[in-house]
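Here is a friendly walk through one structure, in questions and answers.

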Amino acid sequence: MIGTGYVGLVSGTCFAESGNDVVCLDVDQAKVDLLNSGGVPIYEPGLEELVHRNSSAGRLTFTSDYADAIRGAKCIFICVGTPQDHEGAADLKYVRSAAETMAPYLDPGAVVICKSTVPVGTNRQVAAWIRSKTDTPFYSASNPEFLKEGAAIDDFTKPDRVVVGVDDEEAGEALHELYRPFLRTEKPFISMGIESAEMVKYAANCMLATKISFINEVANICDHVGADINDVRKGMGHDARIGFAFLFPGVGYGGSCFPKDVRALAAVAEANGVKPRILRTVDETNDAQKNILFEKLTEQLGDDLTGRTIAVWGLSFKPRTDDIREAPSLVLIERLLAAGATVKVHDPVAQENVRKQIGDVVTYCQHHYDACDEADALMIVTEWNEFRNPDFDYIKLKMKSPVIFDGRNLYDRRKMARRGFVYSGIGLAALPVDVESCTSDS
Ligand SMILES: NC(=O)c1ccc[n+]([C@@H]2O[C@H](COP(=O)([O-])OP(=O)(O)OC[C@H]3O[C@@H](n4cnc5c(N)ncnc54)[C@H](O)[C@@H]3O)[C@@H](O)[C@H]2O)c1
């Protein structure tokens with residue numbers, strides 16, 4: 001596995017768990033050292049135990065030495081990052097470096113599989129990069145990864161489907177062998193051309209991002225017309241053509257995939273003379289949605305937040321991960337600070353990553369209740385489970401004013417009104433209220 005991040009480490013560990021000998025390689029020496037000393041560099045539920053079990057059994061090893069990792073390897077998965085470049089397209093510099101560096105060590109007949117999300121044509125380019133450095137014959141394959149952070153092990157070991165793009169039967173068969181243990185419930189192993197497999201990943205992510213931006217827009221309309229998005233969602237979702245998945249409104253999608261993948265497919269479209277109207281709109285809608293909670297807050301409290309204390313619950317881009325790439329929380333925090341607010345935050349696992357990125361400009365609280373101390377408002381950004389049933393009386397006692405802006409619609413607004421909170425969600429059509437008159441004694 002070349003690249004030991006969210007995808008490489010999870011996939012490598014799961015392949016080791018089914019009995020394969022796996023070497024995980026990374027150029028980040030600190031990461032490799034941490035893994036070799038028994039640490040795990042990312043938070044992913046269940047991963048630590050699996051890593052320990054398989055490394056103790058000798059099936060899972062970590063290195064930064066390409067010769068060590070590639071010599072004798074039958075399958076080589078490229079799992080390095082493909083961030084966006086300055087124009088929004090996929091930046092393939094890590095993929096290229098992996099391809100060129102592995103080339104001299106390839107065994108004849110090895111299968112080089114691109115698991116990183118890459119634009120159509122990249123696998124052929126990877127093969128050309130390798131061929132420019134070696135005459136050793138090898139196979140190329142595309143194997144896009146669909147795991148979700150926060151449920152990555154389950155997704156990998158019980159996939160809805162496995163998609164591979166191959167030119168040769170040998171490469172397809174090698175991949176089928178590897179995935180067979182995870183497909184025992186008759187989930188499909190779908191083999192297709194390399195270009196189609198590359199496209200599947202972008203099309204799937206862009207579809208999901210589109211659903212999110214769509215429901216966010218509907219929720220924003222609900223906010224203005226007295227409709228409740230929860231009811232609307234229920235009424236829509238029972239239509240078998242629509243379904244319920246990915247129809248939860250919120251503060252916009254983030255993470256290392258949807259934002260960059262939507263922009264990368266749009267860039268591919270433009271490079272090929274196709275106008276990506278939907279993709280561009282999805283991206284713009286999402287950027288705007290990341291500001292929605294802040295706008296709701298300033299509507300109530302005014303633009304100048306000097307002297308105000310705001311609590312923020314949830315920093316990771318979604319629950320059960322420490323990943324903060326493109327997280328909506330970062331946009332909110334930046335705007336709160338720019339408006340003069342004092343910001344107190346809590347996240348169960350992502351605080352250290354945020355501190356590394358933005359420093360001590362906010363107060364990091366050990367407990368989510370501590371963030372509420374003397375707060376003028378609480379803003380919920382990530383739907384961690386522990387935020388779902390908090391002690392509302394205690395929160396009310398701690399806050400200066402019992403005001404909640406809920407970016408994930410965790411609570412029932414009628415119950416919140418009965419509990420004495422000024423509560424605002426996304427698309428819940430809350431009645432306008434006078435925040436200033438609402439104190440913790442009210
Ligand atoms: N994170 C997800 O949920 C997810 C899901 C599906 C697909 N993907 C795709 O998988 C790819 C990897 O994503 P990730 O989230 O695991 O990234 P990541 O940033 O967590 O990990 C990438 C790793 O690759 C290493 N690396 C970079 N260049 C290298 C090189 N030349 N040789 C060896 N190692 C190198 C980095 O040090 C890093 O540890 C991306 O293309 C992403 O779009 C990600």
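A residue is called buried when its relative accessible area is under 20%, exposed when that area is over 50%, and partly exposed in between. Keep in mind that this is a predicted model.

Q: Why is the crossover from β8 through α14 to β9 called right-handed?
A: The term applies if, with the strands pointing away from the viewer, the path from the first strand over the helix to the second runs clockwise. The chain crosses from β8 through α14 to β9 in this right-handed way. A right-handed β-α-β unit is also made by β9, helix α15 (residues 351-358) and β10.

Q: How do you know that β9 pairs with β10?
A: Two bridges join these parallel strands, and at least two are needed, so the pairing counts. In this pair, Lys 344 has Thr 363 of β10 as its bridge partner.

Q: Which strands make up the open sheet, and in what order?
A: There are six, in the order β10-β9-β8-β11-β12-β13, with parallel pairing.

Q: What makes β10 and β13 edge strands?
A: β10 (363-364) and β13 (422-424) each pair on one side only. For β13, the parallel neighbour is β12 (residues 403-406), joined to it by three bridges. Phe 405 has Ser 424 in β13 as its bridge partner.

Q: Which strands does helix α14 touch as it packs on the sheet?
A: Helix α14 (residues 328-338) touches β8 (309-313), β9 (342-346) and β11 (377-380). The direction of the helix makes about 155° with that of β9.

Q: What makes Glu 186 and Asn 409 stand out in their phi angles?
A: Most residues other than glycine have a negative phi. Glu 186, which is not a glycine, has a positive phi of about 65°, and Asn 409, not a glycine either, has a positive phi of about 50°. Glu 186 is found in the loop between α8 (169-179) and β7 (189-192), while Asn 409 lies in the loop between β12 and α17 (413-418).

Q: Are Glu 186 and Asn 409 buried or exposed?
A: Glu 186 has a relative accessible area of 71%, so it is exposed. Asn 409 is at 13%, so it counts as buried.

Q: What caps the N-terminal end of helix α2?
A: Asp 28 does, for the helix at residues 29-36: one of its side-chain oxygens lies 3.1 Å from the backbone nitrogen of Ala 30. Just after α2, Gly 38 takes a positive phi of about 95°.

Q: Why is Gly 81 called partly exposed?
A: Its relative accessibility is 42%, so Gly 81 counts as partly exposed. Gly 81 lies in the loop between β3 (75-78) and α5 (93-102). Not counting residues up to four places away in sequence, Gly 81 touches Asp 91 and Tyr 94.

Q: Why is Thr 82 called buried?
A: Thr 82 is at 6% relative accessibility, so it counts as buried. Thr 82, too, is found in the loop between β3 and α5. Leaving aside neighbours within four places in sequence, its contacts include Leu 92, Val 95 and Val 118.

Q: What makes the link between Thr 82 and Lys 260 a polar contact?
A: The cut-off for such a pair of N or O atoms is 3.5 Å, and the side chains of Thr 82 and Lys 260 are joined at 3.4 Å. A polar atom of the Thr 82 side chain also lies 2.9 Å from the backbone oxygen of Thr 117.

Q: Which residues are closest to the ligand?
A: Of the 29 residues that surround the ligand, the closest are Asp 26, Lys 31, Tyr 66, Thr 82 and Lys 260. A nitrogen atom of the ligand is 2.7 Å from a side-chain N or O atom of Glu 149, and a polar side-chain atom of Ser 256 lies 3.4 Å from a ligand nitrogen.

Technical notes
Residues are numbered from 1 along each chain as its sequence is written. This is a predicted model: local features need pLDDT of at least 70, side-chain atom pairs count only at pLDDT 80 or more; totals for chains, interfaces and linings use all residues. Side-chain values use heavy atoms; hydrogens and water are left out. Helices (H or I, at least four residues) and strands (E, at least two) are DSSP runs, numbered from the N terminus. Contact means heavy atoms within 4.5 Å. Axes are lines fitted to C-alpha atoms, for helices over the stretch in contact, and angles run from 0 to 180 degrees between N-to-C directions. A residue is near a molecule or strand if one of its heavy atoms lies within 4 Å of it. A polar contact is a pair of N or O atoms within 3.5 Å; within protein, one must be able to donate a hydrogen and the other to accept it, and residues adjacent in sequence count only if both atoms are side-chain atoms. Buried means under 20% relative accessible area, exposed over 50%, partly exposed in between (1.4 Å probe, protein chains only).
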